[in-house]
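Here's a quick briefing to read alongside the model. Have a look at the fold first, then go through the notes below.

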Amino acid sequence: MADSCLGPPSICKASPPSPLLRPPPQLLFPFPSFPKPIPRPLVLSMASLHCSSSPSSSISNSSPRPSQPSLLVFSGGTAFNGVVEELKQLTTRVAHVLPVSDDGGSTAEIVRVLGGPAVGDIRSRCLRLSDQNAKSQWYDIVEGEHSFWKGVSKPYSETIRAFLVYFQNEILRRPNESFCFSNGSIGNFFFAGARIFFQSLDAAIFLFSRVSDIPAESLVLPVISTNDRLTLGCELWDGTIIRGQNEISHPTNGFMQPIDKGCSSVRALPSRIKRVFYMSSEGGNSLHEVFPMVNASVLDQLSNVDCIVYAMGSLFTSICPSLVLRGIGEIISSRNCPKVLLLNGTHDRETSGFSASGFVTSITDTLNRKYGDPDSCLENLPNQYINTILVPKDGQIPIDVQCLTSQGIFDVIMVESLCDPKVGVIFNPKSLIDTLANLIGRYMSTNVMKD
């Protein structure tokens, strides 16, 4: 890794944020065709990207239009949620690709008792994408404030009640099981019940999308389309194997308790993470590695979108579980489009001590499946997977420009930020979407002129 002290030998030393992050205006010019590099690192301030021709200023949110760009976003169910509403102002043509390997909180109990993939991140993103009226009704249901379902039309109430009743019957049918649902989410119960009822998570997502008026062109895609339980594992550089997504990112010492993803008080990892992989539900070491198939819809979207985004969030437990699957690296490396990394504003347990180049190295190694099955490894360069990095202003991750340059990444753009009391520095949602709008617009204009 490029900046490792707990992993392999360092290639280059991480440096504090460079003064190049505030360049003079004369550095501005249209973005070149990706992935062709420009002669030197280009680092722009957010102010330089505001212009009257911003695509977001001319796009209506009421219906999709051909001028709306299409995006595919790799993310987990928490960090990127904060910009979903603002993203609708740019485009509704977004494929949200989410992992289904979460095993914390009420999700752990649902998976343990009913089996199947984790639904928490799926439920969270679907709710964010819902029509405001449908969302308000759903929150009333979740909070128990919707008296006897009054005000909800019959199709809505019968559908939702049917699945909640089905889930309740599953509990009553298994009286000897031990449940800990005091902190659970009705939304998770709904998706679990719908998934069992239809024997398909995709069908449950489709149903919720229709009754909550999610735009048809906004897709929520589990990266693996399965009814089986999935277990995430990771291997550290010291050889340690950790089993379970929650144990990797937010261990709770075996006690059922709410997961505080903004908490930084958990013990540090003994060594940096080398790779993540999927394990059989019975296995406890790397010999029990399994290789699930990626959702074919993800590959189809990945082949056709105008922009690929690696969202902020837990790098190894939210983003990499989607990237490690066969077929993902092959398609991304073949695409000529903006491939944008949204850098975290703060470190967490998974990325302690990382600089920007460390994030790039980890994503590259994951997409190349460098430390997995030797028969399926790729040898693509970092800039075949990432060609632009967006950085939150005042973020804590060092921007090691020289290392990024050696990786072939020349576009690093600073974006206005906010300070969240729970998680620290985050992107200003409007500034982030404006930056993406201009980035995609300039790229598309450049290619139209070339054509």
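Predicted model: local features only at pLDDT ≥ 70, side-chain atom pairs only at ≥ 80, totals over all residues.

A residue is called buried here when its relative accessible area is under 20%, exposed when it is over 50%, and partly exposed in between (1.4 Å probe, protein chains only). Numbering runs from 1 along each chain as its sequence is written, and side-chain values use heavy atoms, with hydrogens and water left out.

**Overall picture**
- The protein chain has 14 helices and 14 strands; these are DSSP runs numbered from the N terminus, with helices being H or I of at least four residues and strands E of at least two.
- Taking contacts (heavy atoms within 4.5 Å) between residues at least 6 apart in sequence, 73% join residues at least 24 apart.

**Nonpolar core**
- A nonpolar core is a set of buried Ala, Val, Leu, Ile, Met, Phe, Trp, Tyr and Cys residues joined through side-chain atoms within 4.5 Å.
- The largest one has 89 residues, and Phe74, Tyr310 and Ile328 touch the most other members.
- Helix H14 (residues 429-450) gives this core its largest share, seven residues.
- Beyond four places in sequence, phenylalanine 74 contacts residues including Val97, Leu302, Tyr310, Ile328 and Ile332.

- Helix H3 (residues 120-129) is mostly covered, with nine of its 10 residues buried; among them are Asp121, Arg123 and Arg125.
- Serine 333 sits in helix H11 (residues 328-334), and it counts as buried because its relative accessible area is 17%.
- The serine 333 side chain comes to 2.9 Å from the backbone oxygen of glycine 329.
- Not counting residues up to four places away, serine 333 also touches Lys339, Asn380, Gln384 and Tyr385.

**Surface patch**
- Leu418, Val423 and Ile426 make a nonpolar surface patch of about 210 Å².
- Isoleucine 426 belongs to strand S14 (residues 424-427), and it counts as partly exposed because its relative accessibility is 31%.

Definitions and conventions. Patch = residues over 30% accessible without salt bridge, like charges linked within 9 Å, V, L, I, M, F, W, Y side chains within 5 Å. Areas by Shrake-Rupley, 256 points an atom, 1.4 Å probe, with all protein chains shown as cover. Salt bridge = Lys/Arg side-chain N within 4 Å of Asp/Glu carboxyl O. Polar contact = N/O pair within 3.5 Å; in protein donor to acceptor, adjacent residues only side chain to side chain.
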